[in-house]
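Student: I would like to learn how to read helix packing in a model. Please start with the structure itself.

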Amino acid sequence: MASMQLELPMAPLRHPDRAGEPLSIQDRFEAFHQLNPWILGKLEAMTADCVDRGLRRVGIGMLFEVLRYEYGRATRGDAWKLNNNFRSRYVRLLLEQHPEWSSVFETRGLRSA
């Protein structure tokens, strides 16, 4: 039986409250995260494992690639299983929930909202 996957269309979605503006990366991330809450949990577990093993620096890119390889699960809400555009948003969520990891991840200013 074929599985149904909700996907955001490739064309920019329009924001319902802002006169037809395309959705921002943040808006798209929030929708994706709501549909795929398991991703944050896996990223937390992998980061905790890295920290427990003594790693002083962890890259979200590495975590995303491991997540792709190890879990290969279908996600909902985006044409990409794990959209690289959401990496910085996931790091910020991790740091929001685990401020003790602030020295583990390097973050830069966001270029877009």
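Tutor: Begin with a crossing: that of α2 and α4 is right-handed. A crossing is right-handed if the near helix is turned clockwise from the far one by less than a right angle, and left-handed if anticlockwise. Helices are DSSP runs (H or I, at least four residues), numbered from the N terminus.

Student: Which residues of α2 and α4 make the contact?

Tutor: Contact means heavy atoms within 4.5 Å. From α2 come Ile 39, Leu 40, Leu 43, Glu 44 and Thr 47, and from α4 come Tyr 90, Leu 93, Leu 94 and Gln 97. By class, six are nonpolar, two polar and one charged. Ala, Val, Leu, Ile, Met, Phe, Trp, Tyr, Cys and Pro count as nonpolar, Asp, Glu, Lys and Arg as charged, and the others, Gly among them, as polar.

Student: Which residues of α1 are buried?

Tutor: Buried means under 20% relative accessible area (1.4 Å probe, protein chains only). In α1, residues 25–35, these are Asp 27, Phe 29 and Phe 32. The buried residues of α1 pack against α2 (38–52) and α4 (87–97).

Student: Where is pLDDT under 50?

Tutor: pLDDT is the predictor's confidence in each residue, from 0 to 100. Where it is low, the predicted coordinates should not be read in detail. Here it stays under 50 over residues 1–15. The protein chain averages 82.

Student: What are the ground rules?

Tutor: This is a predicted model: local features need pLDDT of at least 70, side-chain atom pairs count only at pLDDT 80 or more, and totals for chains, interfaces and linings use all residues. Residues are numbered from 1 along each chain as its sequence is written, and side-chain values use heavy atoms, with hydrogens and water left out.

Definitions and conventions
Buried means under 20% relative accessible area, exposed over 50%, partly exposed in between (1.4 Å probe, protein chains only). Helices (H or I, at least four residues) and strands (E, at least two) are DSSP runs, numbered from the N terminus.
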